[in-house]
Amino acid sequence: MGCRERSDKRGLLRVVLTGGSCIPDLRGTLPGRGAYLHPVSACLEQAVRRRAFNRAFRGPGPFDIADLREHVERMEQADQAAP
Ligand SMILES: [Zn+2]
């Protein structure tokens, strides 16, 4: 949802809105409307700039993305550490 890049689902992270916070749905089991994002900061920041969360979750926001951002950054670091 951040960028227009098409990708197979393996590369996408599901995000749900809970009490005004965007949180990563790691097991794909959380209820509610989901948005899909590449788990990279560039994609997340682009989604924020384009207000993609407002569209995805049909609300004016603002949405708290602190947890989501932290998670994405951790995933990026793990990716870079992997061979
Ligand atoms: Zn993307």
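Two strands count as paired here if DSSP finds at least two bridges between them. Helices (H or I, at least four residues) and strands (E, at least two) are themselves DSSP runs, numbered from the N terminus. Keep in mind that this is a predicted model: local features need pLDDT of at least 70, side-chain atom pairs count only at pLDDT 80 or more, and totals for chains, interfaces and linings use all residues. Residue numbers start from 1 along each chain as its sequence is written.

Let's begin with the layout. The C-alpha trace spans about 40 × 25 × 25 Å along its principal axes. For 83 residues, a compact globule would have a radius of gyration near 12 Å, and the chain's 12 Å agrees with that. (That radius is taken over C-alpha atoms, and the globule rule is 2.2 Å times the number of residues to the power 0.38.)

Now the sheet. It is open, with three strands in the order S2-S1-S3 and antiparallel pairing. Strands S2 (21–24) and S3 (34–37) are the edges, each pairing on one side only. On average, neighbouring strands are turned by 35 degrees against each other, direction ignored; the axes are lines fitted to C-alpha atoms, for helices over the stretch in contact, and angles run from 0 to 180 degrees between N-to-C directions. Strand S1 (residues 13–18) is joined to S2 by four bridges, and Leu 17 has Cys 22 in S2 as its bridge partner. Helix H3 (residues 66–81) packs on the sheet, touching S1 and S2, and its direction makes about 30 degrees with that of S2. Contact means that the C-beta atoms of two residues, placed from the backbone, lie within 7 Å.

Over on S3, four bridges again make an antiparallel pairing with S1, and Arg 14 finds its bridge partner in Tyr 36. Tyr 36 sits with Gly 34 on the uncovered face of S3, while Ala 35 and Leu 37 form the covered one.

What lies inside? Buried residues (20 or more other C-beta atoms within 10 Å of their own, with C-beta atoms placed from the backbone) make up 23% of the chain. A nonpolar core is a set of buried Ala, Val, Leu, Ile, Met, Phe, Trp, Tyr and Cys residues joined through C-beta atoms within 7 Å. The largest one has 15 residues, of which Val 15, Cys 22, Leu 37, Leu 44 and Leu 68 touch the most other members. S1, S3, helix H1 (41–49), helix H2 (52–57) and H3 each supply at least two residues, with the largest share, four residues, coming from S1.

Methods
A residue is buried if 20 or more other C-beta atoms lie within 10 Å of its own, exposed if 12 or fewer, and partly exposed in between; C-beta atoms are placed from the backbone.
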